[in-house]
Structures are given as C-alpha cells and as structure tokens.
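Here is a short report for a first look at a protein model. Keep the 3D view open while you read.

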Amino acid sequence: MIFTVFKKELRDTLRDRRTIMMMIVIPTLVFPIIMSVFMSISDSFQKEAAEKKVKIGLISNQVGSLEADLLKVPSVLGKKEFIPFTDTISLIKAIRSDSVQVGIYVPNNAEELKKEMKPISVTVFHDGTDLGMKDRAETYLSYVQENWKKQRYAQLKIDEAKITPFVVAYSNVASSKEMIGKLAGGFLPYLFIAFGFMGCMFPAIDLFTGEKERSTIETLLTTPVPRWKILFGKMGVVVLSGLLAATFNLLGIYLAIEVLDLVKDPVVLKAIKDILSPTFIIMLYALLVPLIVFFAGIMIPIAVRAKSFKEAQSIISPLNILIILPAMVGFFPGVELNEVTALIPVVNIVLATKELIAGTLEFHLIAMAFGVMVLLAAIAVMLSYRKFENENNVIS
C-alpha cells in the first residue's frame, strides 16, 4: 500500500512545473553554467594580465646603473613602461588614480653604495587591491639583483656554489585528486546539499499543505489505509525528489566534462574522472540518503501544520540558510573531518564528501558521520509521524 501511495503522489508531483524546475532543470544546468562562466572569466583575466603593460613610476635623481638595468629587463617578463617622478607624493597620487600601477624609489646614493658593494634600499610603492602588480615589480628587481650578484661574485672571485649552503627543490607529494579534493572539494557537496534541500521543499509543501488547500487530504484519510503508510508513501516521494535533484546535479558535472568539454587541463580532467568513479558515487549516495531523509523529516511537520502553501513556504525557505551556512564550511581550507566535526550535522557530510573526493577518507570517521545522520533522520521521521498522526494538525 505504501508503494501505491508513493506511485500516485509521484505521478502528481511530476506534473508540477516548479518541482520539475527545482528537481531536474536547474540542478542539471547549474554546474555547466558555473564552469562555463568561471573558465571564460579565468581565461580572460590570464590573457589580460599577460598582455597588460604595467606603468612603473620611477623616482631617481640620477641616471645610475640600477635605473639603466631596470630599463633593460626583457619584455618576456611582462610589458612595462617607466615614467619618471620627482617625489613620492605625486607618485602615490598617481598609483591611487591608476595612472601608474607601481612605483620604485631609488635613493640618491645608489651608485656610491653599489661601488662599495653595499645593499641599496629600494622602496616599491603599490596598491594592494591591484593584484599582481607587486609581483611584477618584484620580478623586475629580482632579475636585476641576480645579475648584480653574479657581477659581484666575479669581482670578488667567489665561486657562487661554495657560498650556497643548499638548494631547495619543492616536490608536491599530493596527487591531483587530493589537491582538488582538499582545496576545491567543498564546492561539490555544497551543491549536492543545497539542491537536495530545494528538491525536497516543493514536493513536501505540495503533498501535505497543498492537499489541505485543495481539500483532498480528508478523502485520502477516509481510505482504509493506516496513517503511517500514507505518510511513508508521501515521504518517499519527497526523499526521491531530493535525491533526484542531487543526481541531476551530478549529471550536470558529467555533461560539463564529457559533452561540453569545459575542462581543458588534461591533469585536472583526469583527476575529475578518477573522482567520479562508481565507488565514489555509491559512497556519496550512502552519505546523502540519511541527509535527505533528515531534510524531509524536518519539512513535513512544518508542511503538515501550515494552513496554506504560502505559510509553509515562508517557514521552510529560511531553513535553507541554516542548511547552506554549515555546508559552506567545506569551502574553508584546513577544516577537516575529525572526531568533533563528524558529530556536527550537515558539516559532517560536507567534510566526509571532501575526504571522499580526495581519497583520504578514514572509515571510522565516515561511520561516525553516517551514524549521526541516520540517528537524526530517524528522529525527524518520528517527529513527522507524530505530527501526521494528530488529525487536528492534518485537517486544521
């Protein structure tokens, strides 16, 4: 009988345009759209940064070798144009108005210090909000400094290798999959959770509050079907809607990388394909199912008590914020699944999914997160049952 109620409610739900939009259309399109916009903007910024000519204000009261060598920095390190300034006040004003992007102050005794082989204090003025400009200035100055070092070593007849204690080479032992999982893996569970919640919302309101508004709930309750079977049939549709929204979100990722070819980097592409393995998908659904049941379990009592669709929507919609905020924890690097975070609802699913993506999961922590969500889902189902059993709530 539960399945009969489930089939009837599912058929009615699939006729609702809002549910179709929230369950299928938007989850499928959101990832390809986000990826497309992100890649376009990223490519545009990289191209603009590579081609941008940086205007550098130069304060120097003499034409010395430092100024001359700065002018000789090869253009492969970035296009540049030096503009002379007479004082720091006008230079800072120019940087603030973006007529120049950085400024370099060379002291008057630079040539004397160079001859005495003493360090020259060079000041770089920059606007911290103009990203990348400070790095450009450092690149130019480092180029000149390295050349000068070699000249001094030659003059002093010093073997550079003998005064270099060690040379550091950094080797990243984390795989591409781990890097994506740890640094960007919070984005995927955020989408799954957000759309899982929204996928549940409209069916929950329509199947309970909507039936009250249409005055069809009384007819349904007069049938010789135990109340709990009606509840479970309806709840099954709500849970399925949430899972379908997450599933179509996953389908959107597949379309973005396989059909629309939005990921160009072969290393990243291979890492994403490794992540979306059958094992990952099975584990992901094992984590999502109790979470979606929990969502359904907290929405249904509200929908049962509400007197109108508008009232139910006005109460459930703000809950979305309470779900989204902990889901955003996954965006912060350094926050990991441990014995404490595994006990925090929603946060535990986000962090467990991140570990799953990175391939660094610890089964006892996954089991803790899963157990907590199963317990909360059971409590939420019991709460729904008690509210739906009370006839005053259902037909008021």
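## Two helices side by side

Helix axes here are lines fitted to C-alpha atoms over the stretch in contact, and angles run from 0 to 180 degrees between N-to-C directions. Helices (H or I, at least four residues) and strands (E, at least two) are DSSP runs, numbered from the N terminus. Two packed helices are described by the angle between their axes and the distance between the axes.

Start with helix 8 (residues 187–213) and helix 13 (residues 309–327). They pack at about 165°, and their axes are 10 Å apart. Helix 8 is therefore roughly antiparallel to helix 13. Angles under 35 degrees count as roughly parallel, over 145 as roughly antiparallel, 65 to 115 as roughly perpendicular and the rest as oblique. The crossing of helix 8 and helix 13 is right-handed. A crossing is left-handed if the near helix is turned anticlockwise from the far one by less than a right angle, and right-handed if clockwise.

Contact means heavy atoms within 4.5 Å. Helix 8 contributes residues including Tyr190, Phe197 and Phe202, while helix 13 contributes residues including Phe309, Gln313 and Ile316. By class, this contact of helix 8 with helix 13 has 15 nonpolar, four polar and two charged residues. Ala, Val, Leu, Ile, Met, Phe, Trp, Tyr, Cys and Pro count as nonpolar, Asp, Glu, Lys and Arg as charged, and the others, Gly among them, as polar.

## What kind of model

This is a predicted model: local features need pLDDT of at least 70, side-chain atom pairs count only at pLDDT 80 or more, and totals for chains, interfaces and linings use all residues. Residues are numbered from 1 along each chain as its sequence is written, and side-chain values use heavy atoms, with hydrogens and water left out.

## The whole chain

The protein chain has 16 helices and four strands. Its C-alpha trace spans about 100 × 45 × 40 Å along the principal axes. Of the 396 residues, 42% are buried. Buried means under 20% relative accessible area, exposed over 50%, partly exposed in between (1.4 Å probe, protein chains only).

Now find helix 14 (residues 347–358) and helix 15 (residues 363–389). Their packing angle is about 150°, with the axes 9 Å apart. So helix 14 is roughly antiparallel to helix 15. This crossing of helix 14 and helix 15 is left-handed.

Asn348, Ile349 and Ala352 of helix 14 meet Ile366, Ala369, Val372 and Met373 of helix 15. By class, the contact of helix 14 with helix 15 has six nonpolar, one polar and no charged residues.

## Two buried residues

Phenylalanine 202 sits in helix 8. It is buried, at 10% relative accessible area. Its contacts include Arg18, Thr19 and Met22, not counting residues up to four places away in sequence.

Isoleucine 230 belongs to helix 10 (residues 227–259). It is buried too, with a relative accessible area of 1%. Isoleucine 230 and glutamate 9 are 221 residues apart in sequence, yet 9.9 Å apart in space, C-alpha to C-alpha.

## Two positive phi values

Most residues other than glycine have a negative phi. Aspartate 98 has a positive phi, near 65°. It lies in the loop between helix 4 (88–96) and strand 3 (102–105).

Methionine 117 has a positive phi of about 55°. Its loop runs between helix 5 (110–115) and strand 4 (123–126). Methionine 117 is partly exposed, at 28% relative accessibility.
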